[in-house]
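Visitor: Could you walk me through reading an interface between two chains? I would like the general idea and then the case at hand.

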Amino acid sequence: MFLNPTMLAGLGGAMLPLVLHLLARWRYRNVDWGAMMFLFGTDLTQRHSARLRQWLLLALRMAMVGLLAVALARPVTRGAWGTPAGGGPVSAVIILDRSYSMDYQASGRSRMQLAQEAALAVLTGLRPGDRAAVISAGGAAEAPPAQLSTDLQSVARQIMDPSPPAGSADIAVALLRAADVLDQGGPTGAREVYIICDNQARSWDGVGASLANTWRARQQAHEIRLVVVPVGGQESDNAALVSLELLTQPVVRDTPTLAQVQIRNYAYTAKEVPLSLWLCRDGRPDQRLHAGPVRVEADAMAAVRLPVVFSDLQPAVLSARIEAGGLKADDRFDLPVQVMERLRVLILTGDQREGAGFAHMASFAELALAPYRRRGGDLADVAVRRLDEWPAGGFREFAVVILGNVPEFSITQARALEQYVYGGGGLIIAGGGLCRVENYNTRLFRNERGLLPARLGQPRIAAWENALPIARYDSQHPALRFLADAPAPQAAVAGYLPALLRSDARALAWLGDDQPLLIEGGFGGGRVLLLTTSLDLEWTNLPLSNAYLPLLQSMVRYLGSSAGPARGLLTGQPLVAIVKDPPDERHITVRPPDGRTMNRAALSVASVGQRWQISYGDTRVPGWYRMQVGAQDLWFVVQSPRHESDLTCLSSQRWQGLMQLLDMQRLGEPGRALDRQIAAARGGRELWLPCILCVLILGVVELWVARPGRSASAN
Amino acid sequence: MNTVSRYLDAALLEHLKHLQLTACSVVQGSVSGLHRGPLKGASVEFRQHRAYAAGDELRRMDWRVLGRTDRHFIKEYDEETNLRCMLMLDCSGSMTYATRSGSKWDYAARLVAATAFLALQQNESVGLSLFSGKLDLWLKPAHGPAQLWRILDALDRARISGPSALGQAMHQAAERLDRRCLVIVVSDFFCPLEQCRQGLAHLRHDGHEMVILQVTDRDEEEFAFTGWRRFRGLEGEGAYLAEPALARAVYQKTFLQHRRGLLDCCRLLNGQFQNVVTDRPLDQALRHLLLHQSAGVSGAPTTGEAGQE
């Protein structure tokens, strides 16, 4: 292939020596010569040699002119990738794996360093005028939108971004982004996408047949050459802290709570992993709560539950740490803890019966929620009121309100309840013989516009002999999680309110006839739990079972914890804080980890019911975030998803499959410079310089052949 | 221009006045002269004593020896005779090669004429043989002014063409020469070396003294042509197209080999070899020839271009 094919017309010039030769023969001069014997005297070999030399000279001269013309036509070769050299600028998109698995160290060098070197080698293979862009798969920094640039120095600076590897890599998403970048780059010469990653199989989970079809269509449309450069070895020995959670939420001061730590061993041998649990305050470890080894079987998970008691209300972070080989980033798991005073619970009962003992539901509920009678260690401060003691100022002072066996609600009461729940309050509604279903449906359900999560039917009362058992329940729900490892509650339900669920509500427990027993619904910023049976012994013997106390406490904890959004987040999830008073946005500060500056653009404030929600979205960097809203000091922990901890490498079959699926070529064999491998694969190069060199060499040969004394010396 | 001035101009004759043609070996002349002959005769050069035999002339008796020893001895003297010189001139086509300085034939003819003049002036006998493919002309050696005229006339009427048969001509000359003489062969010697060797050997075998005079042109020495040339043989060899730059080396090598062969041949046969290039003045060439010829009393061959003294 020639870049300047018009110059090939110069090939005709190669005939010039031949024409001159023929002209010279035609125009030769005759010499009448006597000493012919000395011309003929040369033997036949010599004469043939001389003639051969003449033709050789002619051929050399023709070749020189021809090669000169070819050199001027700028010949190029096509490489293995089918791209001709000099056929336009190369547009290269480098997908750089910045997930925290790239932090794996081997031989004193991290995979990230190897990947950066490989990416720079790709840049080295580019020429002035070529364009490049970098797309980070994973990574901590908020990368600007990738765009092809001829400024390879700036691309190199992006590659050498010193921020530590973080997050998880999704090659599938990055591939499509690379195709978008190349599309935006406009029509150019060769298009190349380089994936520089480790051998981790997880990164390629998203690459399946569907993605391959999409990619291949774009690849063929734009003739994109896809190259993968795996870096790092096949090491996959790693143990990771997968989770740290508090099983009992919210955390109430002086109330024992269970912290559960999960450790995953990705190695093929069992490990004895030293585990420590720390309580951190003000960003520093303050108190070691636990230390001891945990045995984790090969390729298995181990869960450890540790009782923890928080004795003050200061913001705290619970930090679990292990000391294991492999990645360092997953050897620690932090969890911010919001310690609060005992929950203030209001029990409103419609049962007007008086008397000592357990006359009605308020007695059972109060005992379940405050068994120590305010002597400390109770979950809640419980207030019991009758309907005529309806709080005139609303329920803002209470975290949870329990309505038990309330006959009916006035419009005002119903609106007060709606405002309370909409503003983030928690409400438990329990049935009973006094309940007027029509009033509930009219005032609270309001054709799915009210807070009641289900339309209620007339009570179904059966004889105790025909009481229904609790057939099934969702033990994954926080309110019923205590039942996950416990035996099923031995309780029977003789009476209940049939319920037809609102579209956005869901049942959490069912009776033997598949009627819902416990229903959850949302309303504004708050949540409502509807128990279709009673909280006393009127319709069920549940208060006498061992499940009553944990059920009620768990329901209250669940609803009470709705006062604050989660503060243990994954990278990319926004920090959200709910405050009661309208905040001044100028006085809100967020301190990201590693001394980074706050990104004001990522901060937003919105009203949610009677409260205000503050949100900060720039959380790509894992670590501790400190949000200060007025006098409030809130700690958030952002952590990378732990599936990157699985360093299991791609098998050779999977590699083969991927390369066929994506029409991908693999480079980066050890012992050979990557830029040379790329150059060899790209292959196409201009040949004008070799042509000129050949012309010079032919010129020297021509001079040597034609020099006068050559024949004598040869003979 | 008459025949004499064509071959012998006044300046050349003036230069030749002080030169003498001599033979290095014995010659057999027809009259008494300057050169030692093979026979015993009446010259003043004593050769030997011999015992008297019946029939010897008494006047040759050495009376002094008889008086002292009472024995009869006859005194013998060398015969002194004139030089018989045979000039053999090549008339083959290759001698017609001419450049700005003239043709080889002209040069050789003038050389032969001058030599003949010089020899005749010394009262030597001079003959002429013209040859190409065969002996074209044979003038047996004779002395006297008329011989010069005959020689000049023969040169004037010579037809220069055809192939050279030098060897055959020398054989024929050797057969025709009945006495020992000085044979001067003037040619370019562009013929097979073996033929030359055989011819010269024949002459030498018959006791003749030989002088080989190779006349060449500067072009033939150096082959300094440029550009493509078609070389057409002057002796009917056909044409040969060549780039001189390419053929030069081979030509020169072969040319020098041939000359070296001639020289070796002369050395072997006790002849003298002279090379004369036509761009040299004739008087210088002739003086050079005669000096080397007279100095070669020992019979050693002399080579080198005439004029390079």
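Visitor: Which residue is the bridge partner of Asn30(A) in strand 10 of chain B?

Guide: A word on the ground rules: this is a predicted model, where local features need pLDDT of at least 70, side-chain atom pairs count only at pLDDT 80 or more, and totals for chains, interfaces and linings use all residues. Residues are numbered from 1 along each chain as its sequence is written, chains are lettered from A and ligands numbered from 1 in the order in which they are written, and side-chain values use heavy atoms, with hydrogens and water left out. Strands are DSSP runs (E, at least two residues), as helices are (H or I, at least four), numbered from the N terminus; two strands pair if DSSP finds at least two bridges between them. Here the partner of Asn30(A) is Arg230(B).

Visitor: How many bridges join strand 1 of chain A to strand 10 of chain B?

Guide: There are 5, and the two strands run parallel.

Visitor: Which side chains meet in a salt bridge?

Guide: A salt bridge is a side-chain nitrogen of Lys or Arg within 4 Å of a carboxyl oxygen of Asp or Glu. Asp32(A) and Arg232(B) form one, at 3.1 Å from N to O, and the count between the two chains is 1.

Visitor: What is the area buried between chain A and chain B?

Guide: Buried area is the accessible area (1.4 Å probe) that two parts lose on being put together, summed over both. The value is about 3,000 Å², with 69% from carbon and sulfur atoms. On the side of chain A, Trp33(A), Phe38(A) and Leu39(A) lose the most, together 24% of what that side buries.
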